[in-house]
Amino acid sequence: SYKRKDCFKHPMGFVVIVVFLYLLNSTYYVRPVMSIDAHGNLLTEIKHATLAEPHHFDLSRRDRFPSGEDQDNIVAGVAVWRTQPGKYYGLRAKIGVWAHPNQKHSQESGASISVGGKFGPMLLSQVEAGFHVFPDLYNNSDVRFFTFWTRDGYRSTGCYNLKCSGFIPAKGAALVPGQAVGPPSTYDGEDHHITISLHTDPNTGNWVLYQDDLERPSFLGHFPKDLCPELNGVAPQVLFAGFATYPRNDRGPAMGSGHFPVEGERKAAYFKNMKIFDSNASAHDPIPSIMVPLMNRPDCYKLGDIPLGVKDSYLFYYGGPEGCHG
């Protein structure tokens, strides 16, 4: 067995999916960031990833609506921080939980962490976990924990939760794919969150999923390493993502809290305590210079920067209101 270790903890210590990926006309690059880690070291060196040259990156959207909605009629808005191309072994984040009780049946909105395959016109391989509201899948508007995977760009493989072979839940897991979670956060009120991690097991190469905010980390299950051969023990990228999908002729649902990231604490949705794992299953702060922001509908859904918080380590806010059109 192995023990997971957290590195660079601050001394003050202190709930998918994704989908065909469409090529953008623009290339996204990291904005210049000057930052220091918890030990006061300037973060200018790549310590935990081997980087390649920048590539075009394709934003994803979800296209598998149980009701049979025409995938060509589905559009998506995303607000994502992802890593530059390299070698990565997983990620972890504290994700704020937000409800959307009035969301329409054919809409989906949520947040997730994922590991993805090679860059190109499509992201062919991906395993993912997070929290979403998706009435078309569950016949209600509860916030649900979910898993998703594909190995061919969502053409013929992959599924949500346990609807096909793939993700293997642990016996007695604290969270099971498809399980409702709550209570949700409230605007300018109560803050509710769940911390999850997805990383490789150094002994087996499987992608293991944990809930990390309990008395001790709770093993939720795993994606077998041979499920996606391209992700056998290592991934070219990891992603922290907010998303919203809806029929093209409709108006989009809220993403996150339904408010823009500029509103900040207790008002905007967030990812906090962001970590990236190395090959020994040790968790490290992300290096700001390797993080790339992605927004395909900044008029509707926005993405905040990644500052270093005093008690929440690296974090960002994201989201936007309902009503996005086209």
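Is Cys 159 buried or exposed? Hold that thought for a moment, everyone.

First, a word on what we have here. This is a predicted model, where local features need pLDDT of at least 70, side-chain atom pairs count only at pLDDT 80 or more, and totals for chains, interfaces and linings use all residues. Residues are numbered from 1 along each chain as its sequence is written, and side-chain values use heavy atoms, with hydrogens and water left out.

Back to our cysteine. Cys 159 counts as buried, because its relative accessibility is 8%; buried means under 20% relative accessible area, exposed means over 50%, and partly exposed is in between, using a 1.4 Å probe and protein chains only. Its partner is Cys 164, and a disulfide joins the two, with 2.1 Å from S to S. For us, a disulfide is a pair of cysteine sulfur atoms within 2.5 Å. Cys 164 is partly exposed, at 27% relative accessible area. The link between Cys 159 and Cys 164 is left-handed, with -90° about the S-S bond.

How many disulfides does a search of the whole structure find? Two. The other one joins Cys 300 and Cys 324, with sulfur atoms 2.1 Å apart. That link is right-handed, at 75° about the S-S bond. Cys 300 lies in the loop between strand E17 (291–295) and strand E18 (302–303), while Cys 324 lies in the segment after strand E21 (316–319), so the pair ties together parts that are 24 residues apart in sequence. Both Cys 300 and Cys 324 are buried.

When I say strand, I mean a DSSP run labelled E of at least two residues, while helices are H or I runs of at least four, and both are numbered from the N terminus.

Now let's look at strand E11, residues 193–200. Seven of its eight residues are buried. Strands pair if DSSP finds at least two bridges between them. On one side of our story is strand E5 (residues 90–96), which runs antiparallel to E11 and is joined to it by seven bridges. Five bridges join E11 to strand E12 (residues 207–211), again antiparallel. Please find His 199 in E11: Gly 90 stands opposite His 199, and His 199 also stands opposite Val 208 in E12. The hairpin of E11 and E12 has six residues between the strands, and there Gly 205 takes a positive phi near 85°.
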